[in-house]
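Please take a look at the sequence and the fold, then read on.

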Amino acid sequence: MNTLDKTPVTVLTGYLGAGKTTLLNRILSENHGKRYAVIVNEFGDVGIDNDLVVDADEEVFEMNNGCICCTVRGDLIRIIEGLMKRRNHFDAILIETTGLADPAPVAQTFFVDEDVQSKTKLDAIVTVVDAKHLLDEIDKAHEAQEQLAFADIVLLNKVDLVGEEGLGEVEKRIRRINPTAVIHRSERCQVDLDNILGRSAFDLDRVLEIEPEFLKHFHDHDHDDHVASFSLLSDAPLDPERFFPWIQSIAQNHGPDMLRMKGIIAFADDDDRFVMQGVHMLLEGDHQRPWKAGEKRTTRLVFIGRDLPRDAFEEGFRNCFVQEGVAAE
Ligand SMILES: Nc1nc2c(ncn2[C@@H]2O[C@H](COP(=O)(O)OP(=O)(O)OP(=O)(O)O)[C@@H](O)[C@H]2O)c(=O)[nH]1
């Protein structure tokens with residue numbers, strides 16, 4: 001098959017909370033006339049990301065049963081093969097990995113699996129960086145280093161939270177890990193999408209310099225054992241007067257270890273779903289959309305962090321209910 005006929009694949013990666021879903025939503029919302037098939041993978045057993053991706057016409061495939069970089073041999077290949085049977089339905093594929101994924105095994109799939117290789121081509125690995133938190137995390141998080149090492153394009157995001165001098169420091173650190181990637185700065189991933197998509201930027205020779213065994217066998221990698229996730233669920237409506245002070249105290253007291261928090265919240269006497277997002281000490285929350293008729297009003301909170309005291313979180317969560325009845329998963 002001519003390489004022009006192969007379906008381009010863009011891998012969106014970046015550490016927890018950097019802005020991958022924000023970028024994905026921008027790509028899906030913008031009027032560029034292209035159709036994308038989207039594969040979303042998330043860390044943790046309670047799926048939330050799929051609920052945070054805009055309602056677009058695109059089909060979104062979730063991979064929740066494990067980290068994409070550990071399951072590429074199975075799930076990812078199967079999903080791509082399934083997609084390729086309907087390749088006239090879309091122009092390109094976008095894969096959003098979890099914040100803890102090593103992009104190398106994902107990239108490898110497009111070279112090592114013959115069937116996938118014959119029908120697709122890896123266009124670029126796009127790594128989104130949280131300009132505010134990168135310098136504090138990079139030495140602790142080897143996944144973040146791998147994500148930068150393999151980047152063809154870096155989106156230095158959240159520039160609104162850091163001054164010019166700080167941004168220069170972050171760029172210097174990125175350059176130490178990856179001297180050649182193109183770096184674009186952005187706020188809320190506002191970037192000309194022509195800089196991100198359809199770039200033919202993936203450079204196998206460069207990857208072989210970092211990882212000489214890249215084409216030979218499946219890339220070995222470990223995850224940081226101290227990073228763990230847990231979820232809190234409840235069908236009992238929450239009291240906002242209790243919930244907001246509680247979640248703020250969590251961010252204050254556990255911010256350095258709380259890498260990520262996401263939640264969909266059912267408040268009492270509120271017909272809209274409330275979405276809460278946290279990255280370390282920074283919290284954001286907003287109404288998202290009305291609960292649909294017949295949709296179960298379940299609150300789902302996911303925490304990802306280093307040694308977070310789950311029992312204390314669970315107890316605090318119970319205190320936020322208007323009524324009794326919590327199930328922690
Ligand atoms: N201040 C600020 N906040 C941002 C920016 N971009 C994204 N955010 C916020 O950062 C949080 C995380 O953004 P996401 O797009 O969900 O990040 P992600 O990389 O998909 O997160 P994970 O998938 O959990 O790793 C959200 O609360 C966003 O609204 C930005 O440029 N500036």
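A residue is called buried if 20 or more other C-beta atoms lie within 10 Å of its own, exposed if 12 or fewer do, and partly exposed in between, with C-beta atoms placed from the backbone. By that rule, buried residues account for 37% of the 329 residues in the protein. This is a predicted model, in which local features need pLDDT of at least 70 and side-chain atom pairs count only at pLDDT 80 or more, while totals for chains, interfaces and linings use all residues. Residues are numbered from 1 along each chain as its sequence is written.

The fold has eleven helices and 13 strands; these are DSSP runs numbered from the N terminus, with helices (H or I) of at least four residues and strands (E) of at least two.

Now to the ligand. Around it sit 22 residues, of which Lys-20, Thr-21, Thr-22, Gly-99 and Gln-277 come nearest; to be near, a residue needs its C-beta atom, placed from the backbone, within 6 Å of the molecule. Helix H1 (20-29) gives the shell its largest share, three residues, and strand S10 (272-279) supplies at least two. Both domain 1 (3-210) and domain 2 (227-328) contribute at least three residues each, with bounds from an automatic or database domain assignment.

The shell divides by residue class as follows:

| Class | Residues in the shell |
|---|---|
| Nonpolar (Ala, Val, Leu, Ile, Met, Phe, Trp, Tyr, Cys, Pro) | six residues |
| Polar (the others, Gly among them) | eight residues |
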